[in-house]
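Dear colleague,

I am handing over the structure you will be working with, and I would ask you to keep it open beside this message while you read. My notes on what was found follow below it.

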Amino acid sequence: MPRGAIYGLIGPNGAGKTTAIDLIFGMGKNDAGQIRVLGLDHRADEVALKGRAAYVSPDLNFQVWGKVGKAIRFVRGFYPGWDDAYCAALMKAFRLSDADRVATLSFGARTKLSLLLALARRPEVLILDEPTTGLDAVSRQQAFGELLKAVEDGERTVLISSHGLSDIERFADHVGMIKNGKLLLEGRMDEVVDRYRLVEFFTSNGTTFQTPEPEGLIILKWNENRWRALLDQKSAAQAWLQADGAQQISLTPVTLEELFVALVKEEEAE
Amino acid sequence: MKRLMLDYFRRWAWMLALGGMLEFGLGWFIANRPEDNFEFWGLMLALWTGANLLSFDLRRGVVRAVAPLPLTARQIGRSWWLATVAIPTIALAALLFAGAGTFYHFQPSKVFPVGRLALASIIYLMWLGAISCGTFSATRGSYGSWRKFASTGVFSLLSGAMILGGMMYFQDASKHSFKCALLLGVGGLLTVVSWFRAEQFSLGRAEPFNPGRAGIRLTPQPATNRSTYHRPLEGYGGIPFLISTGFVRIFLYVAAMLALMALLQQWQGRAMPGYVSISTFAAMGSLMSCGFIIVVQFLPVLRQLRYLRTLPISATRLAATMLAIVILPLIALGALVAGGTGLVLGAPADLTVLKSYTFILAPASLCVFFAVWRGDGIQTYVLLAITLFGLQLVQLRLQMAFHYLEPPFSLCGTIAAICILLAFLLTRCALMRSSHTYRVQANPFGNIALGMGR
């Protein structure tokens, strides 16, 4: 992940997104490989890494502290660089109060508390696991607004794991797609999305395009002679289509969601 | 309703089967030694075959799963009451008689203790009813009218006192008419209340809208966040804050509980002087202190483990913190109780208490490891019960090995130190290697007790 980027980590349920994030914070043991964040090894430099990184998830539970103010006091004690003024501003923005009982906070408000505790320490790396779960549209905009403010100096890096692909497409500048612990796709958002096109074409005889399709072409659906597919523009698939008798080929830009569905389905088919 | 009950029995079959086997053994025990007390073991079996199991389901959000089923809240509550009170009482009584009958088959010369077995069966109903009342009262929450707040509070307190205090006070209820009457009276009341509580079972958020007397006029909701403010709190934060806030609270709770225990012991006629009385007080006091600290103080912190692990502290320090949350209050309580006992009763008594509190550090530290390793689930509670009672048996064995004298302080201290060191290493290992530790977070907790609301 390049420093200063907002990186969207996407994948179907059970792909290994949360496991990957957990491993960064030492929750569990990696089977192989190495994890380095800001040049720090996640095991050898555990404390230094956690001092510079923050984690946000709706799974986090703060109820033991009873009240929001006490949870803040507890977390603040770990970070010498804690920004009280920013914390107060975030509390106002998120409509939280020191006296609020954690137990009576709504699900969305608990996510906001988790986000507040992460942002107010001004981390260099912010890791968010499904941060917008339970947030309404306004709160989601607000949360992403704060995130964008946090990274506007270009020094902070954000990793967002989410199923909200439209949010990822709007806010992330890099994207990585994983399935079964394997990285299917990775790169700059504009380059990744621009690389693929939805292609529609006709054939005179439907049986012409039977599997196996050429590399870079994923057939999404067909109806007699009308075909719809995902095309990798870096492959030779377009030339293959023209050579193989496809007619009226039309290319349209692809959304991240369409790309995600096509790639995951292809992986499952394989 | 039948399906709901069958579902409950299927899920808890292993636990109920284990309880059934022990119940059979208890029947044998009562027939073999009719003069001995059975109430404590009856309570323990009722705890693990009754509504306590249901409370685990409730914590895991079973209400959300059953709420959309074509059953009313009343039917769901009644099903669970039948499954956790009525049917277990009948089954336990049958097994109790079966155990005693089997013993009588092999020893026909002995008198078949019908009276004691019948009394034991009735006491079972009382225990199961009290536990059920506590569980169903907790599901109601204390919000709403003052009447609801008061009734929930009173019956929760009564159930809690009956279960926790009853472990000590009602140990020999079958031999004292007053205690027996009190147990049957309070237990009977709680059993009846538990039936009505089950009838009024609330599905939390899934409860259908009932306009009641207020009609259907909509009124604005009171704003909970009207004043948004933040004033940075003075003083330290971090791990010292976590330990100190919990420490003070739990120390006061348990100290009050122990004072009450001492008073109860005095009140029921067991004079404090005397070796048996002191050693019973020391053993029960340390055991209950340990159990209370783990359940009330440690397990809630354990539910935040996922967050604690993301903070800039090493696994080593986190493991030490986890142990300190349990061990520090136990050490302080041991010092307080030993000091108090020494002041009142003199030198040998305070050493007995001190040894007991030193020895209890061994199972307490192992319990910390089990809880961190397995999370806040039924497996943890079973492991905790086995560890606490297992090491109590070890202590008894040691006493027998020393010819009914107390084991020396150095031996207690050595065992405790070894167990603490072992627990520390294992906890650290679990924190570093196990992903299970962080994924099993059974209790999401909502704004209604037992996590039903959300």
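This is a predicted model: local features need pLDDT of at least 70, side-chain atom pairs count only at pLDDT 80 or more; totals for chains, interfaces and linings use all residues.

If we take the contacts in chain A between residues at least 6 apart in sequence, 70% of them join residues that are at least 24 apart. The chain has 270 residues, of which 53% count as buried, and its secondary structure consists of ten helices and twelve strands.

Two loop residues of chain A deserve a careful look at their backbone. As background, most residues other than glycine have a negative phi. A:Arg122, although not a glycine, has a positive phi of about 50°, and this residue sits in the loop between α5 (107-119) and β5 (125-129) of chain A. A:Asn180, which is not a glycine either, also has a positive phi of about 50°, and its place is the loop between β7 (174-179) and β8 (182-188) of chain A.

Are these two residues buried, partly exposed or exposed? A:Arg122 counts as partly exposed because its relative accessibility is 34%, a value that falls between the limits of 20% and 50%. A:Asn180 has a relative accessible area of 61% and is therefore exposed, since exposed means over 50%.

The next item involves both chains: A:Lys67, A:Lys70, A:Arg101 and B:Arg249 form a positive surface patch. Within chain B, B:Arg249 is found in helix α10 (residues 238-267), and with 38% relative accessibility this arginine counts as partly exposed.

Another arginine of chain B, B:Arg116, belongs to helix α7 (residues 114-140). Its relative accessible area is 17%, so B:Arg116 is buried, given that the limit for buried is under 20%.

With kind regards

Key. Residues are numbered from 1 along each chain as its sequence is written. Chains are lettered from A and ligands numbered from 1 in the order in which they are written. Side-chain values use heavy atoms; hydrogens and water are left out. Patches are made of residues with over 30% relative accessible area and no salt bridge: like charges are joined within 9 Å, nonpolar side chains (Val, Leu, Ile, Met, Phe, Trp, Tyr) within 5 Å. Accessible areas come from the Shrake-Rupley method with a 1.4 Å probe; for residues, only the protein chains shown count as cover. A salt bridge is a side-chain nitrogen of Lys or Arg within 4 Å of a carboxyl oxygen of Asp or Glu. Lys and Arg count as positive and Asp and Glu as negative; His and the chain ends are not counted. The place of a charge is taken as NZ of Lys, CZ of Arg, CG of Asp or CD of Glu. Helices (H or I, at least four residues) and strands (E, at least two) are DSSP runs, numbered from the N terminus. Buried means under 20% relative accessible area, exposed over 50%, partly exposed in between (1.4 Å probe, protein chains only). Contact means heavy atoms within 4.5 Å.
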